[in-house]
Amino acid sequence: MKNIIIFGAPGSGKGTYSDEIVSRYGMGHISTGDVLRAEIKNGTELGKLAKGLIDKGQLIPDDVMVNILAKVYDEKVPGKGVIFDGFPRTITQAEALKNMLADRHHELGNMIELIVDEETLMSRLLNRAKEQGRADDNEETIKARFQVYHNQTEPLAEWFEKEGIRHTFTWKGDKDTMLKEIFAFLDTQQ
Ligand code: AP5
Ligand code: MG
């Protein structure tokens, strides 16, 4: 399977759909949010830097993220393809990812964009707050994350469009329908 970049606002289902894709196609999964939360849990220097920014809904600097990503990518089993979840989030990160993959004679693959209305996003994240207690799932930080997404990450969709690999899926109120549409597309990409 080709690499996949799963792209969308906070709460759009990047993690949820990545798990489904991994079960079906047996790919690797890199969630940069999960990597950072593990660093916070382990109390590392990177974790300390990340915590201050994540709690405010702000991005970790590009140079830090690009180094982490390359390290984590090289630890994955080659040949099966990887899902990038939460990376890239800026044009700088996207260019760095493209170069990193080209150095390894790998391709970007497909970008899967999840479009979900903001009311649904907010209710999903507030619900997750009750179930999992993620530190950045409170109304104030969620609003900051939406703002950062609109200003810094959403414009990147055009970058993928120009690369010719943007594939958009829109939430119509039913998880199974969206999943079927994504699988129908990915089945053609093996
Ligand atoms: P990250 O962990 O990537 O968070 P995010 O982008 O805000 O996205 P979420 O993980 O909250 O949502 P998701 O799209 O994965 O949705 P999920 O499947 O969980 O990043 C966190 C922070 O780390 C950033 O703010 C930043 O500070 C930092 N960071 C990370 N990467 C970085 C980078 N590259 N550069 C700089 N900084 C970086 O679904 C949400 C909930 O909805 C779940 O509880 C799910 O069960 C539920 N749900 C209910 N119904 C559905 C449905 N039908 N479909 C999908 N999910 C559903
Ligand atoms: Mg996630």
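Residues are numbered from 1 along each chain as its sequence is written, and chains are lettered from A and ligands numbered from 1 in the order in which they are written. In this predicted model local features need pLDDT of at least 70, side-chain atom pairs count only at pLDDT 80 or more, totals for chains, interfaces and linings use all residues, and side-chain values use heavy atoms, with hydrogens and water left out.

Visitor: Are H1 and H9 parallel or oblique to each other?

Guide: Helices H1 (residues 14-25) and H9 (residues 175-186) have axes 11 Å apart and an angle of about 50°; helices are DSSP runs of H or I with at least four residues, strands are E runs with at least two, and both are numbered from the N terminus. Axes are lines fitted to C-alpha atoms, for helices over the stretch in contact, and angles run from 0 to 180 degrees between N-to-C directions. Angles under 35 degrees count as roughly parallel, over 145 as roughly antiparallel, 65 to 115 as roughly perpendicular and the rest as oblique. H1 and H9 are therefore oblique.

Visitor: Which element gives the most to the lining of the largest pocket?

Guide: The largest pocket holds about 1,100 Å³ of space; on a 1 Å grid over the protein atoms alone, a pocket is an open set with protein on both sides within 12 Å along at least five of seven lines, a cavity is a set of points where a 1.4 Å probe fits but cannot get out, and lining residues have an atom within 4 Å of a point. Grid points are joined across faces, edges and corners, and a volume is the space filled by probe spheres set on the points. Among the elements that each supply at least two lining residues are H1, H2 (32-41), H6 (118-132) and H7 (139-153). The greatest contribution, 6 residues, comes from H6.

Visitor: What is the volume of the largest cavity?

Guide: The structure holds 1 cavity of 30 Å³ or more. Its lining includes Thr170, Asp174 and Met178, and H9 gives the most to this lining, with 3 residues. The volume of the largest cavity is about 30 Å³.

Visitor: Which residue is joined to Phe87 by a cis peptide bond?

Guide: Most peptide bonds are trans. Here omega is about 0° for a bond whose second residue lies in the loop between strand E3 (82-85) and helix H5 (91-103). The residue joined to Phe87 is Pro88.

Visitor: What is the phi of His105?

Guide: His105 is found in the loop between H5 and strand E4 (110-115). Most residues other than glycine have a negative phi. His105 is not a glycine, yet its phi is positive, at about 60°.
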